[in-house]
Amino acid sequence: MSNKEVKAALKSARDALRNKEYKEALKHCKAVLKQEKNNYNAWVFIGLAAAELEQPDQAKGAYKKAIELEPNQLLAWQGLANLYEKPNQTDVKGDLADVYQKLLQLYESGDKQKWYDVCNKLVELYHQEKKYLEVAETWQKLIRMKQEEGAEKAELHQLWKKMIQLLQDSTRNQDNKTGQLLLTAFEHALQSADTVPGEDHQNLYKDFIQCLSKFPHEVARLEKACHDMMALYPTVSYPLEVLCLHFVQSGTLSEKAMDCFSRLLELDANSGPGIIGFGVKYLKENKYKEAVKSLTEGLQKTNQCPAAWHYLAEAQMKIHDHRNAVLSCNQALAALETPEGPNLRWKNLALQLKAETLIKIADADAAEEAIKALEQIVDGHSDPVVSALRGQAYLNKGLMDQASKISQELLLSHPNLAEAHALEGFIHYSQKNYEQAEKSFLNAIERKAGTAEYHQYLGLTYWFMSDETKKDKGKALTQFLKAAKLDSYLGSAFCYLGNYYRDIAGDKSRARGCYKKAFELDETDEESGTAAVNLSVELGDMDTALSILNEVTEKARPGTAKWAWLHRGLYYLRIGQPSQAVADLQAALRADPKDSNCWESLGEAYLNRGSYSTALKSFRKASELNPGLVYSIYRAAALEQILGKYKNAIATYQQILNKTEDYVPALKG
């Protein structure tokens, strides 16, 4: 076949392709290849025809042969790209990306529009594959090309915005280089914006700041962006809110942070981050109740802030509101589970605080939960303070051997750790080894004198050790006073002081003051509430007694606060107000239906009111619950007599006399 015939055959192949006669085209190409086996065009035409005849492997082989012959010729690369782009081609995305890369090289010095088209396709391909770094670098090349061509500012602005859009999903699992390219895109988009200030520009700034806040190492850049946005948009609170939350998360309360909180609240008095900021400030100033109030209010408006939940738990812990502190720790941990919050430091802190709080609750279920929380602390096993907490949790759960093992190991490995000596003290105290407990708590106090709990337990150790140490002012009393001074929210310390002044010093007035304080700090402390009421009555101060009882009964849920209802019911009975006495004693019985004394008092109230039948039922119920209540049995007999049930009355009187021969009221009856 002569050169002329080869050209004619190739022309026939081209015509056949144009007329969609693909098999015919293949015949002509094969004839050419018999003569010239390295004919570039023949291989390209075979690739085209085979692709149309749904023979992808043959097409791919033909194009690759053509590329081998002429690597810098466009036709075969274009054909291969078209083949890989077909919907039936799977698992070729990596190959297609390589083909696009080559086409970009070939178009770079020639057809710019085709270069842009291929570049867009390559970026789209990388984006589908979540190859964000390749997306960023390729798109940046496109922008550079446009800049060299002298593109308008508005077109460049749109291209930078498109780059932001392409990379926005990448912040969750981002390498630093992609992150930097995204931030650079934001900066260029902001600089190239047309209308400044303007709504689009403002929204772009918000997105930029939100993006920066996800990069823990970009603090300086975040602060600068917030300040720049504030200068342009002084009435917009968003940059201040981000800055405030940044300061809260970082745990720093510098003057700069305080200024930020104040400015935000001036701009918007209801701003969650601003209120949270002041809550953290109160916490640092030891104003715990104000801290709880502000942090609770702020978190109702801005709840996805793990650090703020942690600070709230800390403040609640300080005022011994342990159950709510556990809930706040759980909220902190839940907020840390979101993609925005994978912060290991805060997670460990929240888990440790949760465990400490659960240990203070001091029941077996809470101890079990505390052990689970401690297990989740990363590197917790190498932290001696965490180990000491684990020991306390085991002790609360009744696992003495495990607690003792941890205590012994800690004393050997960390002899100067206060928590190690305190754990040893708690173990001795629980076993009533008071002499050893005293030594342990003194050792703990020597190493950490500012811990109220150590002083309180040393005071309790002296209280139970002997009458001598109980009465010695320098022992139990001194330690309770120190505990109360170090922690003015520690209700139990005031309760123990009340016990000392009432039982040892005989100072009813001072004891009453201590019990009242203890009860104000912890309204679930029935012992202190009851003692404050009883001492008020003994001191003739019924107003104080009633004010305590009224406060408790007003807040009480049905079936709770039995002691307060009972005390107030007895008071009304004493002063001759039987109807009010009946209502209160019924409320007390809803809390404890098996209290025989309460049923007896209710019977007395009904009797005073003239409700004889109900009084009889109440006295009978009291004597059923406690057959030793002779007075109730006598009252039942007397009421049967009043109601004309003489046979029953005689039998009941006889029942009393069988037990107590000389019970005068029964003899009279």
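Reader: Why is Lys555 called exposed in this predicted model?

Author: Its relative accessibility is 52%. Exposed means over 50%. Lys555 is above that cut-off, so it counts as exposed.

Reader: What makes Lys555 and Glu551 a salt bridge?

Author: The closest N and O atoms of Lys555 and Glu551 are 3.6 Å apart. The limit is within 4 Å, so the pair qualifies. Both residues lie in helix H31 (residues 542–555), 4 residues apart, about one turn of the helix.

Reader: Why is Glu551 called partly exposed?

Author: Its relative accessible area is 41%. Buried means under 20% and exposed over 50%. Glu551 falls in between, so it is partly exposed.

Reader: How do you know that Lys224 and Asp228 form a salt bridge?

Author: Their side chains meet at 2.7 Å, N to O. That is within 4 Å, so the pair counts. Lys224 and Asp228 both lie in helix H12, 4 residues apart. Lys224 is exposed at 54%, whereas Asp228 is partly exposed at 29%.

Reader: Which parts of the chain does the pair of Glu187 and Arg221 link?

Author: The side chains of Glu187 and Arg221 meet in a salt bridge of 3.1 Å, N to O. This pair links distant parts of the chain. Glu187 sits in helix H10 (residues 176–191) and Arg221 in helix H12 (residues 219–232), 34 residues apart. Glu187 has a relative accessible area of 27%, between the 20% and 50% cut-offs, so it is partly exposed.

Reader: How many salt bridges does the whole structure hold?

Author: The search finds 32. Lys11, Asp15 and Arg18 are linked in a network of salt bridges. Side chains of opposite charge can pair when their charged atoms come close.

Reader: Why is Ser387 called buried?

Author: Its relative accessibility is 12%. Buried means under 20%, so Ser387 qualifies. Ser387 is found in helix H21 (residues 384–396). Not counting residues up to four places away in sequence, Ser387 touches His381, Ile406 and Leu410. Across the protein chain, buried residues make up 48% of the 669 residues.

Reader: What secondary structure does the protein chain have?

Author: The protein chain has 38 helices and 0 strands.

Reader: Why is the protein chain called more spread out than a compact globule?

Author: Its radius of gyration is 42 Å. The globule rule gives 26 Å for 669 residues. The value is well over the rule, so the chain is more spread out than a compact globule. The C-alpha atoms fill a box of roughly 150 × 60 × 55 Å, taken along the principal axes.

Definitions and conventions:
Residues numbered from 1 in each chain as written. Predicted model: local features only at pLDDT ≥ 70, side-chain atom pairs only at ≥ 80, totals over all residues. Heavy atoms only, no water. Helix = DSSP H or I, 4+ residues; strand = E, 2+ residues; numbered from the N terminus. Rg over C-alpha atoms; globule rule 2.2 N^0.38 Å. Buried < 20%, exposed > 50% of the residue type's maximum accessible area, 1.4 Å probe, protein only. Contact = heavy atoms within 4.5 Å.
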